[in-house]
Amino acid sequence: MTETDTRAKLWETVATATRFCIAVENAREADKGEFIAEMLGCLPRIYLNFTETGTDGTDEIAYLSTFVDEDYYESIRRGIESLLGPDDTYLETFEEDMKYSETPIAASVAESLADIFQDLFNFVGNVKESDGEALIQAFAECKDNFDAHWSQTLCNVMRPLNQLRLGSAE
């Protein structure tokens, strides 16, 4: 992939991340069905953007800002939780502790989406704040967090969202 192709893919990632963040920020006022459809439209693209795009580590910037503090995170989480109501909780099967437990482990769609939002909002914020100068470094940092922390969360949260949108296959 050429440098021009890589940059185009990175800007596509910024656009998808921005779309996701706007939908999550507006969850409290959203229609539940439309919100779920939007998440199911964004999440697979985000996954593909972070698994199919690599960077060479150029464009070093000394410091990247953090835009999501604990209060903002909680506000985002509560907004999604309020929208989904009792549909916010789902049984998690990929939890590490699950293999040692006879009791199902519950997870929260709102918390999962807020975790993803936190990194994506910081990524988009750093790109915007730097007028694009921090694009590669911000992507590299977000990709590191994706690989280490929230890629599995992204995959896991699609299952209950799909169930809410399409219902049971039975």
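This is a predicted model: local features need pLDDT of at least 70, side-chain atom pairs count only at pLDDT 80 or more; totals for chains, interfaces and linings use all residues.
Quick overview. The protein has five helices and two strands, and going from the N terminus the order is α-α-α-β-β-α-α. Of the 170 residues, 43% are buried. If you take the contacts with a separation of 6 or more, 78% of them are between residues 24 or more positions apart.

Now the helix pair I wanted to show you. Helix α2 is residues 32–52 and helix α4 is residues 109–129; their axes come within 13 Å and cross at roughly 55°. So, going by those angle ranges, α2 and α4 are oblique to each other. The crossing of the two is left-handed. Who makes the contact? On the α2 side we have F35, M39, L43, I46 and F50, and on the α4 side L113, I116 and L120. Sort the residues of that contact by type and you get eight nonpolar, no polar and no charged.

Zooming out to the largest nonpolar core: there are 44 residues in there, and the ones touching the most other members are F20 and L120. The elements giving two or more residues to this core are α1, which is 3–25, then α2, α3 at 70–84, α4, and α5 at 135–166. So what does F20 touch, once you skip anything up to four places away in sequence? That would be M39, C42, L43, I46, L113, I116, F117 and L120.

Two more residues, then I'm done. Take L161, over in helix α5. Its relative accessibility is 0%, so with the buried cut-off at under 20%, L161 counts as buried. Leaving out neighbours within four places in sequence, L161 is in contact with I36, M39, L40, L43 and V109. Also, L161 and Y90 are 71 residues apart in sequence, and C-alpha to C-alpha they're 9.6 Å apart in space.

The other one is N49, which sits in helix α2. Is N49 buried or exposed? The relative accessible area is 2%, so N49 is buried by that cut-off of under 20%. Again not counting anything up to four places away in sequence, N49 touches K9, E12, T13, T16 and F139.

That's it from me, happy to take questions.

Key. Residues are numbered from 1 along each chain as its sequence is written. Side-chain values use heavy atoms; hydrogens and water are left out. Axes are lines fitted to C-alpha atoms, for helices over the stretch in contact, and angles run from 0 to 180 degrees between N-to-C directions. Helices (H or I, at least four residues) and strands (E, at least two) are DSSP runs, numbered from the N terminus. Angles under 35 degrees count as roughly parallel, over 145 as roughly antiparallel, 65 to 115 as roughly perpendicular and the rest as oblique. A crossing is left-handed if the near helix is turned anticlockwise from the far one by less than a right angle, and right-handed if clockwise. Contact means heavy atoms within 4.5 Å. Ala, Val, Leu, Ile, Met, Phe, Trp, Tyr, Cys and Pro count as nonpolar, Asp, Glu, Lys and Arg as charged, and the others, Gly among them, as polar. A nonpolar core is a set of buried Ala, Val, Leu, Ile, Met, Phe, Trp, Tyr and Cys residues joined through side-chain atoms within 4.5 Å. Buried means under 20% relative accessible area, exposed over 50%, partly exposed in between (1.4 Å probe, protein chains only).
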